Number of protein chains: 2
Amino acid sequence: MSEKGSERPGRPPSGDGRNRDRILAAARHEFAAKGFRGATMRSIAAAAGVDVALLAHYFGNKDGLFAATLQLPGQAVQQVQGAFDGPVGELGERLARAYLSLWEDPGLAGSLRATVASALAHEGAREQLRELLTAALPEDVHSLLPGDDPDLRLGLALNHLFGIALGRHLLRLPPLADRDLPTLLAAIAPTVQHYLTGPLGRSVEPATT
Amino acid sequence: MSEKGSERPGRPPSGDGRNRDRILAAARHEFAAKGFRGATMRSIAAAAGVDVALLAHYFGNKDGLFAATLQLPGQAVQQVQGAFDGPVGELGERLARAYLSLWEDPGLAGSLRATVASALAHEGAREQLRELLTAALPEDVHSLLPGDDPDLRLGLALNHLFGIALGRHLLRLPPLADRDLPTLLAAIAPTVQHYLTGPLGRSVEPATT
């Protein structure tokens, strides 16, 4: 929760948190622009306008700093977790909306793009990226889903949303990047619902809405 | 077509093509490991075991070399294009199978992974990555699809397949990476079909098979 509101312009945390957030923002930018190997503690400190010793103080080393850039702000985790409250028959729509809305948030979008781009290019960071994908799931999520392979259901649903976010915000594939969010949500929510609760591997059920 | 069979172990092209393919393989590896900025013409030449002048001869400069690493082999283009032949009601299944099979091909998978990882991290390469996604589409593809927003239909279908390939082969999300291809195809083919020909934005039709 200490990161609540981090990187929201106009709402800078005070004191320690402010320096920490400034370092994280600079690190995301440097990792995205130069890759994990190309970015250095020194170049990140310079971009953040702080002494390199402060980076070591907060994050230990470059691995620790990189791991910290992959943390979702507590606010974002809550937003996705909140989508699991409500009728399971509309979970696909709520989850798609909550997840894709994160990527439309001007305070978050830049760091999500930078984080995902650098993590995809850095083999050592993929474990952390996998954790990021599932970080916002409630602990009892499996009990909400049909018993036939709930792992695959969740994997397909989350991976599909991740792929849509990549296509819209990172790759900027024109039809995905140009349409408004409601159009996109209307098109993909039934699919996410199908992955979560439909008859996998046989046919696709009509959506409930 | 000159790249047919490139990077297939045991079937090295002869003469010029062989050097060119060796440079491309080294370049994909260097770009993936060090990023576009970190990799140099010199380091790629060294990895390929050729003189750096040969890189300039074939590809001009680093931009030209990078663009060349993003070309799909002619064989792969043909495989995806072939999926468009046949009843449109089963296009989703054929397209999913053709596309995901590329990523299972031991002669192609390594270079696809390396290419996509470095292109996602390199902002200047995303235009080329977008072209790669649509390179294998037949010219008359729009005439096969319903008239309501065929661009969005194709974008959603191709982006979904790209996302699944990323999740399975690059991110290695356990449920996607661990299941066999038929299980995965059975789960996603109806979704790809829905995006291509189903009633977008309203509900999901049962698959025809």
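**Close-up views of a predicted two-chain model**

**View 1. Ala56(A), a partly exposed residue.** Ala56(A) has a relative accessibility of 38%, so this residue counts as partly exposed. The class lies between buried, under 20%, and exposed, over 50%. The structure shown here and in the other views is a predicted model. Ala56(A) is part of helix α3 of chain A, which spans residues 52–59. Met41(A) is 15 residues away from Ala56(A) in sequence, and the C-alpha atoms of the two are 8.4 Å apart in space.

**View 2. The buried residues of helix α5 in chain A.** Helix α5 of chain A covers residues 74–82, and its buried residues are Gly74(A), Ala76(A), Val77(A) and Val80(A). They span an arc of only 160 degrees around the axis, and therefore lie on the same side of α5(A). Among the elements that cover these buried residues is α6 (91–104) of chain A.

**View 3. Helices α5 and α6 packed together in chain B.** Two packed helices are described by the angle between their axes and by the distance between those axes. In chain B, helix α5 (residues 74–82) packs with helix α6 (residues 91–104) at an angle of about 160 degrees, and the axes are 8 Å apart. Because of this angle, α5(B) is roughly antiparallel to α6(B); the cut-off for that term is an angle over 145 degrees. The contact involves Ala76(B), Gln79(B) and Val80(B) on α5(B), and Leu95(B), Ala98(B), Ser101(B) and Leu102(B) on α6(B). Is the crossing of α5(B) and α6(B) left-handed or right-handed? The crossing of these two helices is right-handed.

**View 4. Asp149(B), a loop residue.** Asp149(B) sits in the loop between α9 (141–144) and α10 (150–170) of chain B. The relative accessible area of Asp149(B) is 28%, so the residue is partly exposed. Leu200(B) is 51 residues from Asp149(B) along the chain, and their C-alpha atoms are separated by 9.0 Å.

View 5. Two copies of a chain are related by a rotation about an axis and a shift along it.

Methods: Residues are numbered from 1 along each chain as its sequence is written. Chains are lettered from A and ligands numbered from 1 in the order in which they are written. This is a predicted model: local features need pLDDT of at least 70, side-chain atom pairs count only at pLDDT 80 or more; totals for chains, interfaces and linings use all residues. Side-chain values use heavy atoms; hydrogens and water are left out. Buried means under 20% relative accessible area, exposed over 50%, partly exposed in between (1.4 Å probe, protein chains only). Helices (H or I, at least four residues) and strands (E, at least two) are DSSP runs, numbered from the N terminus. The arc is that of the directions from the helix axis to the C-beta atoms. Contact means heavy atoms within 4.5 Å. Axes are lines fitted to C-alpha atoms, for helices over the stretch in contact, and angles run from 0 to 180 degrees between N-to-C directions. Angles under 35 degrees count as roughly parallel, over 145 as roughly antiparallel, 65 to 115 as roughly perpendicular and the rest as oblique. A crossing is left-handed if the near helix is turned anticlockwise from the far one by less than a right angle, and right-handed if clockwise.
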